[in-house]
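Please look over the sequence and the structure before reading on.

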Amino acid sequence: MGEVKTITKIPVGAVALMAAVIGAVLGLIEGIISAIGIAAFTSALPSSISNVGLGAAGALGVIIGSIIAGFIGGYIVTAILALIYNWVAPRIGGVKLELE
């Protein structure tokens, strides 16, 4: 059985940056899926409507936008959660981990 340690403080910047990178990767995956869905939808439309559609530049914009939104959203949400954790943990106790 290992030693039990309590996390009393989380480094906000480091944790938020890690979550932002994970959010960007998930945004890339979501952006690719969205771009494929949009391409399939616009190809099913009549040509007079699909000519006004997204095209390759629009699909690339969806992918890049998803990456940026995932990064920024992941950073902001995680930074807020880490700040709240740092405020609450000393008052009610932090998360306990067993380390070997």
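Leaving aside its neighbours within four places in sequence, with which residues is Ser66 in contact? Ser66 is in contact with Gly27, Glu30 and Gly31, where contact means heavy atoms within 4.5 Å.

## Basis of the model

The model is predicted: local features need pLDDT of at least 70, side-chain atom pairs count only at pLDDT 80 or more, and totals for chains, interfaces and linings use all residues. Residues are numbered from 1 along each chain as its sequence is written, and side-chain values use heavy atoms, with hydrogens and water left out.

The predictor's confidence in each residue is given as pLDDT, from 0 to 100. For this protein the mean pLDDT is 88, and 87% of the residues reach 70 or more.

## Overall organisation

Three helices and two strands make up the elements of the protein; helices (H or I, at least four residues) and strands (E, at least two) are DSSP runs, numbered from the N terminus. Along the sequence they follow the pattern β-α-α-α-β.

Of the contacts with a separation of 6 or more, 94% are accounted for by residues 24 or more positions apart. The accessible surface comes to about 6900 Å², and 76% of it belongs to carbon and sulfur atoms; such areas come from the Shrake-Rupley method with a 1.4 Å probe, and for residues only the protein chains shown count as cover. Of the 100 residues, 23% count as buried. Buried means under 20% relative accessible area, exposed over 50%, and partly exposed in between (1.4 Å probe, protein chains only).

## Helix α3

Helix α3 covers residues 55-92, which is 38 residues. At 1.5 Å a residue, α3 should span 56 Å, and its end C-alpha atoms are 53 Å apart, which agrees; the expected span is 1.5 Å times one less than the number of residues. After α3 comes Gly93, whose phi is positive, near 100 degrees.

The buried residues of α3 include Gly70, Gly74, Ala82 and Tyr85. An α-helix has 3.6 residues a turn, so residues three or four places apart point the same way. Ser66, also in α3, counts as buried because its relative accessibility is 13%. Thr78 is a further residue of this helix, and its 17% relative accessibility likewise makes it buried. Not counting residues up to four places away in sequence, Thr78 touches Val15, Ala16 and Ala19.

## The two ends of the chain

Val4 lies in strand β1 (residues 3-7). Residues up to four places away in sequence aside, Val4 touches Lys96, Leu97 and Glu98. The C-alpha atoms of Val4 and Leu99 are separated by 6.1 Å, although these residues are 95 residues apart along the chain.

Glu100 is found in the segment after β2 (95-99). With a relative accessible area of 92%, Glu100 is exposed. Glu100 and Gly2 are 98 residues apart in sequence, yet 4.2 Å apart in space, C-alpha to C-alpha.

## A salt bridge

Side chains of opposite charge can pair when their charged atoms come close. The count here comes to one salt bridge, defined as a side-chain nitrogen of Lys or Arg within 4 Å of a carboxyl oxygen of Asp or Glu. The side chains of Glu3 and Lys5 meet in a salt bridge at 3.4 Å, N to O. Lys5 is partly exposed, with a relative accessible area of 41%.
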